[in-house]
Amino acid sequence: MGRMRLEKTTAARRPVDPSSTSHGLWCRLEIPSDPKRVEEVEETILSQCQRYSFTDRDLFALKLAIDEAFANAVKHGNRCDCDKHVRIKYRVTPRRADVVVEDDGPGFNPASLPDPTSDQHIECTHGRGILLMRAFMNNVVFSPSGNSVTLTKFNDSIRNKTEHSIAFG
Amino acid sequence: MLQDAARLKITRDGEIVLVEFTHRKILDEANIAEIGDQLVALVENEHRPKVIISFAGVDHLSSAALGTLITVNNKVRNHDGQLRLCNIHPQIFEVFVITKLNKLFRIYPTIKEAKESFEPQSKQSAI
């Protein structure tokens, strides 16, 4: 098993409980390019989201999007080369989770990918990961080179409360 | 029971083969290739297979798993068979809707309804 390094950067403005969450802190993980390692990354990030009462749908969406981003990094970015690494940077606050997934590959142009829902490509056995990331996240941004993607999911339990207070005072 | 592999439970009811997943995370990336191989081997051994894949208890589905389902669907069609999916959790069904694969696959709420949907062999056409 390769190593998993965890570092915290950027001081939080006002941490609520620094011992139990990474509130406002960017955390970094660097893990070997092995698809089996995605689960530990997800557990680390989703456990923090659960502490902030992200909804079940939020957690499902984040797991799915991280899965897809990690799979793309390992398969397409690092070409399944176990000597290469995937770098994960994440930050979880009561309102949102941001996850950056970066690989060692040369990158790609996401705009060049065909629409997997078109009649021509509906039976292709691959090419739906980015579609799913975009559908389930509030924001998906690729770096200019394309070897890094930033996923953002807002906490719908907070949003629901806010909308409820606007509606009912 | 024909086979009780680690990740799949495969049973036969007359001419219908029912496939169920034994782990809720069985569709994680690392296991998908193995599942695909088992399903393709199953179809290869059937003449005009009638296959139901039940997703009861499965709470996660990746795009790689969708690719495997498409491969299995093509194998079933190549053998003049019929494939049905059922018991799909609403969150996972959303994945099928987003990718528009709910138009490609025949999806039913329950195993019973999936069984009732099979066409007789004489009228049977692809999917």
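**Notes on the predicted model**

1. In chain A, strands β3(A) and β4(A) form a hairpin with 3 residues between them. The model is a predicted one, in which local features need pLDDT of at least 70 and side-chain atom pairs count only at pLDDT 80 or more, while totals for chains, interfaces and linings use all residues. Residues are numbered from 1 along each chain as its sequence is written, and chains are lettered from A and ligands numbered from 1 in the order in which they are written. Helices (H or I, at least four residues) and strands (E, at least two) are DSSP runs numbered from the N terminus.

2. Chain A as a whole comprises 4 helices and 6 strands, and from the N terminus its elements follow the order β-β-α-α-β-β-α-β-β-α. Of its 169 residues, 32% are buried, a residue being called buried if 20 or more other C-beta atoms lie within 10 Å of its own, exposed if 12 or fewer do, and partly exposed in between, with C-beta atoms placed from the backbone. Two residues are in contact if their C-beta atoms, placed from the backbone, lie within 7 Å; among contacts in chain A between residues at least 6 apart in sequence, 63% join residues at least 24 apart.

3. Leaving aside neighbours within four places in sequence, Ala65(A) is in contact with Met133(A), Phe136(A), Met137(A) and Leu151(A).

4. Which residues of helix α3 (residues 129–136) of chain A are buried? They are Gly129(A), Leu132(A), Met133(A) and Phe136(A). These residues lie on the same side of α3(A) because they cover an arc of only 100° around the axis, the arc being that of the directions from the helix axis to the C-beta atoms. The buried residues of α3(A) pack against α2 (56–77), β5 (139–142) and β6 (148–154) of chain A, together with α2 and α3 of chain B.

5. The contact between the chains takes 21 residues from chain A and 17 residues from chain B. On the side of chain B that touches chain A, α1 (29–44), α2 (63–78) and α3 (90–98) of chain B each supply at least two residues, and α2(B) gives the most, with 6 residues. The residues of this side divide into 7 nonpolar, 7 polar and 3 charged, where Ala, Val, Leu, Ile, Met, Phe, Trp, Tyr, Cys and Pro count as nonpolar, Asp, Glu, Lys and Arg as charged, and the others, Gly among them, as polar.

6. In chain B, strand β4 (residues 50–54) is mostly covered, since 5 of its 5 residues are buried. Lys50(B), Ile52(B) and Ser54(B) point one way from β4(B), and Val51(B) and Ile53(B) the other way. β4(B) runs parallel to strand β3 (residues 16–21) of chain B, with 5 bridges joining them, and Leu18(B) stands opposite Ile52(B). β4(B) also pairs in the parallel sense with β5 (residues 82–86) of chain B over 5 bridges, where the bridge partner of Ile52(B) is Arg84(B).

7. Cys80(A), in the loop between α2 and β3 (85–92) of chain A, has a positive phi near 60° although it is a residue other than glycine, and Cys80(A) counts as exposed because it has 12 C-beta neighbours inside 10 Å. Asp80(B), in the loop between α2 and β5 of chain B, likewise has a positive phi, of about 55°, without being a glycine; with 13 C-beta neighbours inside 10 Å, Asp80(B) counts as partly exposed.

Note on methods: Two strands pair if DSSP finds at least two bridges between them.
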